[in-house]
Amino acid sequence: MRTADGHARNAPADLILRGGPVHTLAPGGRGAGATAVALRDGLVVRVGDDSEVLALAGPATEVVDLAGRAVLPGINDSHLHATWLGALWPDTLFGEQAAPGPPPERPLLDDGRRRRAILRAGDLLASLGITSYTEPGLGPGEDHGRTGAFGTSVAEQYRALAAEGLLRARVTVLWLYGELDGPSDLENYLAGLAATDGATSDARWLRFAGVKIFADGIPPMRSAYTHHCYADGVRPSLLVGGADDAEREANLARMILAAHRAGRQVGVHATGDRSIDIMLDAVERARREHDVDLGHYVIHGDLVTGPQLRRMAALGVGLNTQPEIALRTRALVDDALGPGPAAAAWPLREAFDAGVPLCLSSDAPVLSPDWRRQIAAADAWMGPADDPRARMERLLRCYTVEPARQDHAASWKGTLAPGMAADLCVLEADPLALTPAELPDVTVEMTVVDGRIVHDRAASPRTTEPV
């Protein structure tokens with residue numbers, strides 16, 4: 001008997017991992033209790049106990065003895081500036097400080113340096129178990145930017161690396177038609193939306209998904225567009241061009257509507273509740289015109305409110321946020337806004353309860369790309385859990401299952417069910433037997449992308465012979 005792709009169902013696997021907990025994170029608990037997984041031709045072909053999976057071992061099968069180590073779906077950092085990370089690492093904007101500072105001046109002045117930065121980031125991310133990531137903002141708005149890490153030429157380097165088979169992780173890109181952390185105008189945005197070429201050699205490795213729009217700044221800088229009053233009387237404006245607040249708000253709505261009509265996903269950098277209101281009104285109008293879920297989402301969402309979360313869930317609008325920023329900037333938000341709105345910021349529990357599609361991410365190199373720290377930070381921010389194991393599993397989904405949904409790829413990646421992409425990571429200990437606070441100390445032992453080992457600490461012997 002053969003599968004739909006023409007392969008014999010019981011053909012030998014290319015790679016088998018056995019002898020440790022395999023957490024598939026598949027719907028309905030499928031694969032629960034598994035201790036082994038078999039991979040072939042870039043796909044998961046069997047998950048189960050050792051004996052049933054080892055039945056697919058052949059003379060050329062590589063068999064990895066997990067020796068109790070745990071397998072997870074590959075980690076997906078759904079908001080990570082990889083090219084900039086490759087230029088700056090090991091430095092980050094936050095460093096060891098509570099708030100971000102000026103980035104080091106390491107501009108990528110030519111395509112060779114941009115290419116090397118992407119590859120360097122790929123090596124780093126592989127060592128962390130990251131098999132997919134989103135570059136949230138590349139394009140003509142930054143063609144003359146100081147860093148050289150966000151312009152159209154970076155997108156072209158990604159295209160070349162994907163065609164050469166040199167990417168170490170799967171990449172989703174959002175186009176940027178304004179400045180990074182800066183202004184954009186409706187005319188240039190619409191021109192870019194109409195002209196940008198999103199063709200790639202393989203959409204499973206590189207996909208241009210949609211656009212990023214900067215609606216506002218951040219609360220500590222008093223640039224979040226909010227209904228609240230800042231303590232010092234500052235009245236910020238949207239970053240979208242316009243003669244006054246009303247025109248800027250209308251132009252932001254027009255940008256979102258234009259992308260939706262073009263079938264493009266929109267990620268809106270919106271930290272203030274007022275900017276989030278404008279986005280949700282625009283998405284609601286867009287869904288009335290053409291009711292299709294394009295996976296639009298709020299980036300950061302620091303001051304999102306309970307009613308907004310319920311609207312987001314109803315509209316299919318996701319939230320992509322970084323809990324470590326919440327921990328690091330809590331006092332700065334208090335200084336800017338006072339204790340009322342600051343105390344209600346980053347409502348992760350409420351987002352879960354409302355059913356909002358929630359992704360955790362690093363925003364590296366603002367922070368380290370270490371996802372384990374973000375999960376620990378999310379747990380700390382939410383406070384004690386009634387069921388720590390359920391909390392851990394839910395937070396892991398925010399780095400695997402939910403980002404696959406954001407990528408419009410939930411049908412083929414994000415879990416370890418048979419037929420899904422053979423992207424996984426191996427941890428030295430079972431995360432579901434730990435608290436999130438313990439996770440940052442757990443080593444990533446191995447990373448597999450498309451069935452190929454791209455990182456291996458060689459902590460235990462490996463053999464090409466069946467066991």
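**Cavities and one buried serine**

P73, G74, N76, T131, S132, T400, A404, K413, G414, T415, A421 and D423 line the largest cavity. A cavity here is a set of points, on a 1 Å grid over the protein atoms alone, where a 1.4 Å probe fits but cannot get out; lining residues have an atom within 4 Å of a point.

A word on the source. This is a predicted model, where local features need pLDDT of at least 70, side-chain atom pairs count only at pLDDT 80 or more, and totals for chains, interfaces and linings use all residues. Residues are numbered from 1 along each chain as its sequence is written, and side-chain values use heavy atoms, with hydrogens and water left out.

Back to the cavities. The structure has five of 30 Å³ or more. The largest has a volume of about 80 Å³, a volume being the space filled by probe spheres set on the points, which are joined across faces, edges and corners.

Next, the second largest cavity, at about 60 Å³. Its lining includes L176, Y177, K212, I213 and F214. Strand 9, residues 206-214, gives the most to that lining, with three residues. Strands are DSSP runs (E, at least two residues), and helices are too (H or I, at least four), numbered from the N terminus.

Now S361. It sits in the loop between strand 13 (358-360) and helix 12 (371-382). S361 is buried, with a relative accessible area of 0%; buried means under 20%, with a 1.4 Å probe and protein chains only. Among the residues S361 touches are D77, H79, N320 and Y399, not counting residues up to four places away in sequence. Touching means heavy atoms within 4.5 Å.

Conventions. 1 Å grid on protein atoms, 1.4 Å probe; cavity = no way out; pocket = protein on both sides within 12 Å on 5 of 7 lines; lining within 4 Å. Buried < 20%, exposed > 50% of the residue type's maximum accessible area, 1.4 Å probe, protein only.
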